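Please bring up the sequence and the model side by side, and keep both in view as you read. We will walk through them together, one region at a time.

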Amino acid sequence: SKESPYLNTSEPGRVYDVAEPGEGVKVLKNLSDPRVEITEGESVYLRVETEPFAPASFTAFSVGKFKNGLMAITAVADKNGIVEVSFTGTTGPSNVAILAGSPLTSGIQRFVVQVRPRYSEN
């Protein structure tokens, strides 16, 4: 994969940098379950569809991290326009809102990852 300052810089606000809706502008499509439940320490894959080879950014608004160890990540779509990122829940219980956006498509996709504690006190 090519090294890119754009991809290597974590910018949480980048999810809002999306195309204006209009003729010929695709809408970002969610290819994952928008609500998932995992246990602390587990990961889930989140997928969206944008234009082929376009960047898409994901930002988590609570505890957890992407594979870069941060709460925001930008990745590039494959030739089919699919972008997949892994999110790990670090502390439960929590409901983590995650937004995804791409500068070449309009709209923002929202996910909620519910993180259960590894050990519940009964």
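Where is the place of Pro93? Pro93 sits in the loop between E7 and E8. Bear in mind from here on that this is a predicted model.

Another loop to visit is the one between E3 and E4, where you will find Phe53. Phe53 is not a glycine, and yet its phi is positive, at about 65 degrees. With a relative accessibility of 58%, Phe53 counts as exposed, because the threshold for that word is over 50%.

Now to the sheets. One of them is open and has 5 strands, in the order E2-E9-E8-E4-E6, with mixed pairing. At its edges stand strand E2 (35-39) and strand E6 (72-76); each has a single partner strand, so one side of each is left without a neighbour in the sheet. From one strand to the next, the twist averages 25 degrees. Within this sheet, strand E8 (residues 94-101) and strand E9 (residues 109-116) run antiparallel and are joined by 7 bridges. If you follow that pairing, you will see Ile98 opposite Phe111 in E9.

There is also an open sheet of 4 strands, in the order E1-E3-E7-E5, and here the pairing is antiparallel. Its edge strands are strand E1 (29-30) and E5, each of which pairs on one side only. E5 and E7 run antiparallel, with 2 bridges between them, and Phe66 stands opposite Phe87 in E7.

The model has 3 aromatic pairs. In the pair of Phe66 and Phe87, the ring centres are 5.2 Å apart and the planes meet at 65 degrees, so the pair is edge-to-face. Phe66 belongs to strand E5 (residues 65-66) and Phe87 to strand E7 (residues 82-88), so the pair ties together parts that are 21 residues apart in sequence. Both Phe66 and Phe87 are buried. Elsewhere, a charged side chain meets a ring: Arg14 lies over the face of Tyr6, at 3.8 Å from the ring centre.

In soluble globular proteins, nonpolar side chains tend to be buried together. The largest nonpolar core here has 21 residues, and Phe58, Phe87 and Ile98 touch the most other members. Strand E3 (43-49), strand E4 (55-60), E6, E7, E8 and E9 each supply at least two residues of this core.

Finally, let us look at the charged side chains. Side chains of opposite charge can pair when their charged atoms come close. The structure holds 4 salt bridges. In one of them, Glu49 meets Lys26 at 3.6 Å, N to O. Glu49 lies in strand E3 and Lys26 in the loop between helix H1 (5-8) and E1, so this contact ties together parts that are 23 residues apart in sequence. Glu49 counts as buried, at 17% relative accessibility, while Lys26 is partly exposed, with a relative accessible area of 30%. Lys29 joins the picture too, as Lys26, Lys29 and Glu49 are linked in a network of salt bridges.

Another salt bridge brings together the side chains of Arg116 and Glu37 (2.6 Å, N to O). Arg116 is in strand E9 and Glu37 in strand E2, so the pair ties together parts that are 79 residues apart in sequence. Arg116 is partly exposed, with a relative accessible area of 32%, and Glu37 is partly exposed at 44% relative accessibility.

The side chains of Glu84 and Arg47 also meet in a salt bridge, at 2.5 Å, N to O. This pair links distant parts of the chain, with Glu84 in strand E7 and Arg47 in strand E3, 37 residues apart. The relative accessible area is 40% for Glu84, which is partly exposed, and 31% for Arg47, which is partly exposed as well.

Methods. Residues numbered from 1 in each chain as written. Predicted model: local features only at pLDDT ≥ 70, side-chain atom pairs only at ≥ 80, totals over all residues. Heavy atoms only, no water. Phe/Tyr/Trp six-rings, centres within 6.5 Å; stacked < 30°, edge-to-face > 60°. Buried < 20%, exposed > 50% of the residue type's maximum accessible area, 1.4 Å probe, protein only. Lys NZ or Arg CZ within 6 Å of the ring centre and 35° of its normal. Pairing = 2+ DSSP bridges. Axes fitted to C-alpha atoms, helices over the stretch in contact; angles between N-to-C directions. Core = buried A, V, L, I, M, F, W, Y, C linked by side-chain atoms within 4.5 Å.
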